[in-house]
Amino acid sequence: MALTTTTGFSSPLGAVLVIQTSGTATSDNDVTSGANLTLNVMEVSNSSSSTVFVKLYDHATPTVGTTVPDLIFPIASGATRTLNILNGSANSGNGGYKFDTAISMATVTTAGTAGTGSPTGGNCKIVLITT
C-alpha cells in the first residue's frame, strides 16, 4: 500500500488530497489526520480481478469486518468511477459528506460490514478530495 496525503493547498477551500495506489482490506486509518472534514470527490480505479467495495469510516481506527462503515461504494472490475458527493444526506452540510471524527478506508471484495478479503489480480487506486 502506498498512501499519500497532501495538505496546504492555497485555495480558499483548503483541500486535502489523499491517494492510495493499492487499496486493501487493511484499514488506512485517519488518512486526513484530523476531524471535521468533508468528502467532496472520490475516484476509484479498479484494475483488480473482481468487484471491490470501498468502505469509508468516520472512525480513527476501525476494525475491518466488525466496525460498521459509514459509506460503501461498489466498483466493478476494470472500471474507473468518479463520485461527486453532493448534498442530500443527513450528514452533509453545504455539500459533501462530513466526517466528524476521522476518515479511514478499506477496500474489500465482499459487500457489507463483514467483508474482509483484499482485492487480487491488480491494484485498486483510490483518490479522495476533502475540504
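This is a predicted model: local features need pLDDT of at least 70, side-chain atom pairs count only at pLDDT 80 or more; totals for chains, interfaces and linings use all residues.
Residues are numbered from 1 along each chain as its sequence is written, and side-chain values use heavy atoms, with hydrogens and water left out.

Start with the whole chain in cartoon view. The protein has nine strands and zero helices (DSSP runs: E of at least two residues for strands, H or I of at least four for helices). From the N terminus the order is β-β-β-β-β-β-β-β-β. Of the contacts (heavy atoms within 4.5 Å) between residues at least 6 apart in sequence, 73% join residues at least 24 apart.

Switch to the surface. Of the 131 residues, 41% count as buried (under 20% relative accessible area; exposed is over 50%, partly exposed in between; 1.4 Å probe, protein chains only).

Next, select Tyr97 and Phe99. Their rings form an edge-to-face pair, 5.2 Å centre to centre with 65 degrees between the planes (ring centres of Phe, Tyr or the six-membered ring of Trp within 6.5 Å; planes over 60 degrees apart are edge-to-face, under 30 stacked, the rest tilted). Both Tyr97 and Phe99 are buried.

Finally, select Lys98 and Asp100. Their side chains form a salt bridge, 3.2 Å from N to O (a side-chain nitrogen of Lys or Arg within 4 Å of a carboxyl oxygen of Asp or Glu). The count by this rule is one. Lys98 is partly exposed because its relative accessibility is 26%; Asp100, at 40%, is also partly exposed.
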